[in-house]
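Here is a short briefing on one protein structure. Keep the 3D view open as you read, and find each part as it comes up.

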Amino acid sequence: MRKSVANDALPTSTQVLIVGGGPVGSALGIELSSRGIDCVVVETNAELPTVPVKAMLLNSRTLEHMHRWGFADELRSASTTPRAWQKGITYATSLTGKELGHFRDGFEFRATEEGDDTGESAQVIMQPDTVRILREKLIGFGGHYVGGWTVKEITQDESGCVVELEHSETKEKRSISSDYVAGCDGAWSTVLTSAGIERSGRGGIAAVLLLHFRVPGLLEDTKISPAAFTSLSHPQGGATIVPIGDDAFCAHIPGFPVDVDVSKINTDAIARRVIGSDRPFEFTYIGAYKIHELVAETYRANRLFVAGDAAHLHAPAGGHNMNSGLADAVDLGWKLAAVLQGWAGDGLLESYTAERRPIAVKNAALASANIARLVGTTMAVEAEMSRVDFEAPTMKAETRRRKWGDKLWQGTRLQYVVRGTTVDNRYVSDVIVDDGSVVAPWDSTTYQVSSKPGHRAPHVRLTDGTSLYDQFSSGFTLVTREGFEAESKEFEAAAESLGIPLSTLVLTNRRALAKYASPLVLVRPDQHVAWRGDNTDSASAVLQQVTGRIQGTANRGEVKIDNQEESRQKMSKELATGIPGYKIGTWTIDAVHSDVSFTVRHMMVSKVRGRFSTIEGGIVTGDDVFGSSVTVTIDLASIDTNNPQRDNHIKSADFLETEKYPAMVFTSTGIRAKGDDYIIDGTLDLHGVKKDVALATSLEGFGPDAYGGYRAGFSATTEISRADFGIDIAMPLDGGGVVVGDKISISIDIEAILNSQ
């Protein structure tokens, strides 16, 4: 246990009483107190428990909020997980056993390294450390935190709420009055019960064994790739491992009945299997938690609200639980503040359920599906393991292990690749003025950049390295562009007359202009788009609707945005053609003037260079660069390293097996900006294996050729591991190292011809 921060005795009244001082309650207190609202957080525990640790991941969207609050970097520095073990996913037989595969993707750990769609990357940090910092910041913002008090009864009427409390040690009884009560008090929420809110779904689906243990020096023994999450597979059962510190670990072992008796489990045997060696270990916690799929029917009952686990419970597969609760806190916090400050109506509070509950329903279903895939895939692999010597030191066994790793990644990647779930939350409510535009269907793994109302406002990293979000105000922000000064002033005047805090941000950054395709985009305090348009004929009606003062009167006809999507597309094309010579259409790769070359280390002292002489494919340039796509097919038999004997060896079964796998195919899945250049994400199909790869790409130019045609030039680079594609012949050298290196650097230069329009 750690001594908990507390700054006050229990007051007798407050504007918002928050029941539950965990991460969600503390975050809600920060959102309120940072906006000048008096709030009190009461927590049953007098001290902060250090175990058990169930939540250990803050996703990129959560870190964006913490950046807005001003302490994202401080929170990152508080992580006790060794730095090398804070990114990536590794599959292995045990912590000291054989690696099955390592994957960089997952949980947005590298989000800011790979693009600027998000302002922050995800972070591994144990829940007690998150809570400690949140409570300290709550007090720093002027909020009140009081530990050791349990809520016994809550009553409410038209004028407010009265909460009866009892001290956990002295049994002293006190009461506190408030305008509103927010229940952030977990699965067995007193506020939920007092509000008479029912949950729907499935409760008590299964149980997960949770072990915390110390093993001094274990990380010195391990040969597997360091990762934030290590998924172990073994014929006797698997586990998911997260290092808590240099010698401390947390293990989640699924597959137990909901009524499991932990005292009857041979936890020593499980720990020994997880560790994979005879190193001495010490348990610091042994317990279990239940898996549920339950969502409250509503998040509000008059003056009582619920958030976090009080509102939704689902499986811990995908990192959704605590992060969803923190997003609840942000949504509810700014809305309560707006109403209490008098510039919003009750309709804004009604939108809380409408916006957040569908997210919880979706996340609950995703988490349960993740668990089903995890169990099914792991059981299939472990069944194969049981029939062989799965840790044999042979090349054949290593190939088999890598195939298991690929199978595990493909079967469970939806648990880890969650960009859509993290940053593509799309709100629909009466305080969102829908413009009728159509966007790509939602997908849990990808983020669709859009300034459509309801979506998270697009993020851009500006040329000075700062976040566009840093230029948003704490109230509403009207994002506009040069030439719309008159419209901006009309919006500002309407906001001033209504007492609504609003500032104007004029964009000049080219990529920001491309992402905010409409000339007027109204962004809420929580960084979600409330409205967009190209005129201010109904600015007052828009502002009243988005603050819940009136319901739905700012419809498409009254705000005059019937042609909004047409206007957006037109502006997007204009921005796209801001790239000199850019043209929309389909293109054929000119193989004669295109080149694919590669380099690979040889004998550990030099590099072999080569190229492929036969290449074909096509490119589709969309309304803007981000809507484009590319497919490239390379004839592997056309390899040329300037040595025919070596070329034949590379084409043989020792390496490429070109008779069986004649082509290498890249298919793009998305394009994102990186500085003035781009990253093309896609899949590479090589040697019968498909892997996600990213091409660092530059646009070399567009223009007419000497034959009456039109051409475009592109250059791209990437690096792949041949072992990832099953081309893993080692050929060791006597002095150490291997004849042919694993990493292959690939350079692509494409010249494409525009097809007849």
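The model is predicted. Residues are counted from 1 along the chain.

- Look for 4 strands that form an open sheet, in the order 22-21-23-24. Their pairing is mixed.
- Strand 22 (502-507) and strand 24 (529-533) stand at the edges. Each has a single partner strand, so one side of each has no neighbour in the sheet.
- From one strand to the next, the twist averages 20°.
- In general, strands of a sheet pair through backbone hydrogen bonds, and they can do so parallel or antiparallel.
- Strand 21 (residues 476-481) and strand 23 (residues 520-523) run antiparallel. They are joined by 3 bridges.
- Leu478 stands opposite Leu522 in strand 23.
- Helix 15 (residues 539-546) lies across strand 21, strand 22, strand 23 and strand 24. This helix runs at about 25° to strand 23.

- Helix 11 covers residues 395-416, which makes 22 residues.
- From its first C-alpha to its last, helix 11 reaches 29 Å. That is close to the 32 Å expected at 1.5 Å a residue.
- Where does helix 11 bend? The bend is at Gln410, and the angle is about 45°.
- Several residues of helix 11 are buried, including Trp404, Leu408, Trp409 and Tyr416.
- The buried residues of helix 11 pack against strand 6 (89-92), strand 7 (99-103), strand 14 (229-232), helix 10 (346-385) and strand 33 (689-704).

**Ser721, in a strand**

- Ser721 is found in strand 34 (residues 710-721).
- Is Ser721 buried or exposed? Its relative accessible area is 7%, which is under the 20% cut-off, so Ser721 is buried.
- Beyond residues up to four places away in sequence, Ser721 touches Asp742 and Lys743.
- The side chains of Ser721 and Asp742 are joined by a polar contact of 2.7 Å.

**Leu219, in a helix**

- Leu219 is found in helix 7 (residues 218-221).
- Leu219 has a relative accessible area of 22%, so it counts as partly exposed.
- Leaving aside residues up to four places away in sequence, Leu219 touches Pro82, Trp85, Gly245, Asp246 and Phe249.
- Leu219 and Ala248 are 29 residues apart in sequence. In space they are 9.8 Å apart, C-alpha to C-alpha.

Terms used:
This is a predicted model: local features need pLDDT of at least 70, side-chain atom pairs count only at pLDDT 80 or more; totals for chains, interfaces and linings use all residues. Side-chain values use heavy atoms; hydrogens and water are left out. Two strands pair if DSSP finds at least two bridges between them. Helices (H or I, at least four residues) and strands (E, at least two) are DSSP runs, numbered from the N terminus. Axes are lines fitted to C-alpha atoms, for helices over the stretch in contact, and angles run from 0 to 180 degrees between N-to-C directions. Contact means heavy atoms within 4.5 Å. Buried means under 20% relative accessible area, exposed over 50%, partly exposed in between (1.4 Å probe, protein chains only). A polar contact is a pair of N or O atoms within 3.5 Å; within protein, one must be able to donate a hydrogen and the other to accept it, and residues adjacent in sequence count only if both atoms are side-chain atoms. The expected span of a helix is 1.5 Å times one less than its number of residues. The bend at a residue is the angle between axes fitted to the seven residues ending there and the seven starting there.
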